[in-house]
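User: I am new to this structure and would like to learn how to read it. Could you walk me through some features?

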Amino acid sequence: MSVVCLRTEGLRKHYGGLRAVDGVDLEVLEGERRAIIGPNGAGKTTLFHLLSGEVPASGGRIVLFGRDVTRLPPYRRTGLGIGRTYQVTNLFPRLSVLENALLATFGLRPQKYDPFRPALRHREVLDEARALLEAFGLWDKRDWPIGSLSYGEQRQLEIVLALAGQPRLLLLDEPTAGLSPAETHAVTRIVRGLDPKITVLLIEHDMDVAFQVAQRITVLHFGRVLAEGTVDEVRGNPDVQAIYLGVGEL
Amino acid sequence: MAGRALLWGVGVVAALALPQVVPLYFTHLVLLTMVYGLSAMSLDLLAGYTGLTSFGHAAYFGAAAYTVGILTTHHHVAPAAAFGAGVLVATLLAAAYGLLATRAVGVYFLIITLALGMGTWGLAYRWSSVTGGDNGLPGIPPLDLGLPWSLADPRNYYYFVLLAFGLAAFLLYRLVQSPFGLALRGIRESEGRMRMLGYNTWLHRYVAFVVAGAFAGFAGTLYAFHNRFVSPPDLHIAASAEAVLMVILGGAGTLFGPLVGAGIVVFLRNLVSAYTQRWMLILGVVFVLTVLYAPQGVAGGARAVWQRTRRRARAAEGAPAEAGKQPVVQR
Amino acid sequence: MQFWLTQLLNGLSFAALLFLLASGLTLIFGLMRIVNIAHGSYYLLGAYVALTVVQATGNFLAAALAGSLTVAAVGVVMQRAFLARFYRAEQAQVLLTMGFSFIFADLALWIWGGDPHRIPTPSALAGSVALGPTFFPTYRLAVIAVGAAVALFLWLLQERTRLGAVVRAAVDDQEMARGLGIHVDPVLTGMFAVGAALAGFGGVMGGPFLGVYPGVDSEVLPLAFAVVIIGGLGSLKGALVGSVLVGVLDNLGKAMFPELSYFTLFVPMAVVLAIRPTGLFGRG
């Protein structure tokens, strides 16, 4: 029997009169690849902020592997296995590539509180950072400041940071935004190659990527779930076609 | 690397030889540089490394100094015990103030630390029965640790301060190189991201605040036993601002830059005061000029130049950095 | 009863001064996100200039005008020549204003010397008024009245005039305001000048009963900060509420525990901070 990784019940977020997320019920199974699509302003990124805990919910529940995490702050949720990337690259600007990766690999370890031993002497943490950076071809550039990386490399480093905590649920917010076709292909390959036990929630505007990566799609519109199902089911849904008419290709 | 070791070696030898070769007054200035430098370095931990600029740092320096003064002059406590008490009080004060200050977001932190700093000054100024009020506390005895060399002799005290400074600076250095120090810089760059990586950022900020206060208190006790006199100006916003200036002038986020900044301020103040009363005016002008033209400070600017030459050299060679040999974490 | 009434009125007169300071501070911050450390020095300069004018002419009104306008001019120069180019670099701006606060304080010391002074109470407002069982200085009552009037004026300006709307637009979205053809820069400079003038005016008003002396700038500034922390940066209403709270509590503290009074003032600040970090009415 499949384990439910994530379940939300009536999840809501209001900003005054604006209902960014207006009662979202979601159920994602462990290991599932789920794409969240929808027009701009549908509430996709807000949904991610609610799931990660960076924005407090106005109502509803978030249940992660059977545990209610609605009231937990972000750092606790990361400890329970949530990792995320950001639509707008959110790295540590004045630190080097290696320092960025180290911050991520130290993140869930008690050694992060060590006030005396140099960070680089923590061999196992350094090795883990090295492994991640090498997997993404960034090890050679480990001394470089973030600003010297290409935009595509920065987006890849974003994913490195999210993976360092060994997440069970990975939230990818438009990982291919602004990337060239070659870079998009590389990222798609990475996402498809992730450990099958990791549950992936993917916000995407690029439909090709969404349909390649995901098994199921959830369509958001005005903060609510408009449609949900397999790729073909969603493609064939007349409501979904209507909202996308003229906005993009299905 | 060899060049740096040589520089350090020369520095240590010079520091050890100093009292034997220069006039006593010069030794006194170097001692003050170390004391204020330590305070500035502890502020750098907060401001440069964590991104929390405190305008009330003199409160901890002063609280420690006053504790020493009150205990030794009013209650005739042994100097050694007063020393420990001074550091303890400063730490406790930072622990209390830190609870408030770390609740503040953004620019409020600045204002709150300023307000708390001046509030502490107000305590020193008005609570005359305990603090001596405007007159301060004169007659602090010299430090006595039962050593064969009397610390009443300024030259001996210089060596004591040199040792104490060296120890404290070493601890701060290890702290900024450690995972904890790295986390502080992460918080400075992007606190939200840090939370999402699993860090309880409030705890880091709070601990940094208390540690900074503790080291400032340590500096304050060293000061009290040297100056033998403590008064309200030691806690005034002007003193806190001087600390901030030392950090900026020396280079925020470089740890030893603020030591250089302290040296500049101490020697400049000494020079200026010999000719004119207008030190505060000069201080203000130096402040403005530094912000306008040298915001990275001496060490910050030097480091930028060094990094650029290193990168150009590496690019010219075409070779990537060697694995694990080049320390990446900031000095 | 007599004691409490006197304390209340003393507190309110001090609150009026604090309001003049804090409203300027919060105006400048709300508009330009600048924390003006030199605000205390504006208070000081306003008082000293007024002192000189009164000593020369005996005319309090002229002195008040001179004090406010001089400080406004200083503010304009400071903002245009130094602060404007650090738009959005908040830390640099704060450091600059801190540097200037030392320059102004020392210049004042140089020009006017170290002795404490008192601006003579204007003869029209000398003496006391009978209020029930007690007498209360007329001048202090006038200060309360003036403070209230300024509060009302500022509120009307902000809410009911075209200038107020322009200012609010410039605050909400500078780029957009510029795009609409609103000349944002003169508005910002003008508002900075108003904020400065308020502080200078506060110095003048406070001259007769708080005195004019070196160091008064460093003493009132943290109080003004406590007010804006309590009231919330950027909120005029907050400045009013905070001023009354701090003014009355400060006076009470001085009367009841004089040795600890300056320190205990920060207790309400701490309480507010613990409950609402952005202040009672703050927008953060």
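User: How far should the 20 residues of helix 1 (residues 2-21) of chain B span?

Analyst: Helices (H or I, at least four residues) and strands (E, at least two) are DSSP runs, numbered from the N terminus. The expected span of a helix is 1.5 Å times one less than its number of residues. In this predicted model, helix 1 of chain B should therefore span 28 Å, and its end C-alpha atoms are 27 Å apart, which agrees.

User: Where does helix 1 of chain B bend?

Analyst: A bend at a residue is the angle between axes fitted to the seven residues ending there and the seven starting there. Helix 1 of chain B bends by about 30° at B:A15, and the proline B:P19 follows within four residues.

User: How are residues and chains labelled, and what is counted?

Analyst: Residues are numbered from 1 along each chain as its sequence is written, while chains are lettered from A and ligands numbered from 1 in the order in which they are written. As the model is predicted, local features need pLDDT of at least 70 and side-chain atom pairs count only at pLDDT 80 or more, whereas totals for chains, interfaces and linings use all residues.

User: Is helix 1 of chain B buried or in the open?

Analyst: A residue is buried if 20 or more other C-beta atoms, placed from the backbone, lie within 10 Å of its own, exposed if 12 or fewer, and partly exposed in between. In helix 1 of chain B, one of the 20 residues is buried, so the helix lies largely in the open. Across chain B, buried residues make up 53% of the 331 residues.

User: How many helices and strands are there in chain B?

Analyst: Chain B has 13 helices and two strands. Along its principal axes, the C-alpha trace of chain B spans about 65 × 50 × 40 Å.
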